[in-house]
Structure formats: C-alpha cells, structure tokens
Amino acid sequence: ERQEREDPAFAENGGLVVDDSMVRIENCAHDLESDYIRYILSRYDLAHEGNTVLKWKGKTDDGKRAPLMYIVRFASASWARAAVRELQSSTINGKVVKLIQYPKQIRFQDS
C-alpha cells in the first residue's frame with residue numbers, strides 16, 4: 001500500500017501555503033508545460049519535498065480564459081531571489097514572463 005506524504009505547500013483546508021521560497025511565474029503561454037519550467041529552473045535548487053511546480057489556471061468573472069501562471073517552490077528564499085533576478089522578463093515559449101517572489105509570511109500563534 002502506497003503511503004502519501006503531506007505536501008508542505010498545502011494547508012489542511014486545501015489552500016496554498018506560501019512563503020518567500022516561492023515564486024509566481026505570470027503571463028505564461030497556454031501550451032507551456034510544467035516539465036519545461038523544471039528544465040528552465042534546473043540550475044536552481046528546487047524544494048526537495050512535495051510539488052515543486054504547480055500549475056495555476058486562475059478564473060475570470062467574464063468566462064474568458066485566464067492567463068496561465070505557475071507557482072514554483074525553491075529550496076530556500078535565496079534560490080527564489082536568484083531565479084527572479086536572473087530570469088525576470090525572459091521570453092518563454094514566445095511570451096515575456098514576469099516572476100514575483102512571495103513575501104515572507106507572518107504567522108501568529110495562540111498564546
């Protein structure tokens with residue numbers, strides 16, 4: 001029987017948990033595949049557990065197709081910063097992409 005490990009990118013309620021080791025890649029071509037994103041980012045250290053490249057299709061209120069976006073988890077915030085710095089405004093599959101690093105999240109604990 002296969003045991004599934006918990007993915008640290010997702011909360012118990014199914015929502016995405018983000019931190020500064022994660023980057024959004026916006027304005028992706030609709031035919032861009034996650035394997036190609038992994039190939040482009042192969043020189044950077046991606047997270048060692050869970051999903052590293054998440055496809056985020058998005059929704060629009062008017063029923064139009066939302067621009068494709070990927071969320072990538074790196075091993076650390078410094079790897080995420082390096083990818084943003086070096087790949088910002090790169091052309092991937094004919095589209096200029098925008099990379100945005102998520103800010104460090106503030107977590108509150110009950111006292």
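Which residues line the largest cavity?

A: A quick note before we start: this is a predicted model, where local features need pLDDT of at least 70 and side-chain atom pairs count only at pLDDT 80 or more, while totals for chains, interfaces and linings use all residues. Numbering runs from 1 along each chain as its sequence is written, and side-chain values use heavy atoms, with hydrogens and water left out.

A cavity here is a set of points on a 1 Å grid over the protein atoms alone where a 1.4 Å probe fits but cannot get out, and lining residues have an atom within 4 Å of a point. Points are joined across faces, edges and corners, and the volume is the space filled by probe spheres set on them. The count comes to one cavity of 30 Å³ or more, and the largest has a volume of about 50 Å³. Its lining is made of Ile25, Ile37, Ile40, Leu41, Leu87, Ser90, Ile92, Val97 and Leu99. By class, that's eight nonpolar residues, one polar and no charged ones. (Nonpolar covers Ala, Val, Leu, Ile, Met, Phe, Trp, Tyr, Cys and Pro; charged covers Asp, Glu, Lys and Arg; the others are polar.)

Buried is under 20% relative accessible area, exposed is over 50%, and partly exposed is in between, using a 1.4 Å probe and protein chains only. This core has 21 residues, and Ile25, Ile37, Leu41, Tyr70, Val72 and Phe74 touch the most other members. Helix α2 (77-87) is one of the elements giving two or more residues, and α2 gives the most, with five.

Now follow Phe74, which is buried at 4%. Among the residues Phe74 touches are Leu41, Tyr44 and Trp79, leaving aside those up to four places away in sequence; a contact means heavy atoms within 4.5 Å. Rings pair if their centres lie within 6.5 Å, with planes under 30 degrees apart called stacked, over 60 edge-to-face and the rest tilted. The whole structure has three aromatic pairs. The rings of Tyr44 and Phe74 sit with centres 6.4 Å apart and planes at 85 degrees, so they are edge-to-face. Tyr44 is buried too, at 6%. Tyr44 also pairs with Trp79, at 6.4 Å and 80 degrees, so that pair is edge-to-face as well. Trp79 is partly exposed, at 32%. Together, Tyr44, Phe74 and Trp79 form one aromatic cluster.

Definitions and conventions:
1 Å grid on protein atoms, 1.4 Å probe; cavity = no way out; pocket = protein on both sides within 12 Å on 5 of 7 lines; lining within 4 Å. Core = buried A, V, L, I, M, F, W, Y, C linked by side-chain atoms within 4.5 Å. Helix = DSSP H or I, 4+ residues; strand = E, 2+ residues; numbered from the N terminus. Phe/Tyr/Trp six-rings, centres within 6.5 Å; stacked < 30°, edge-to-face > 60°.
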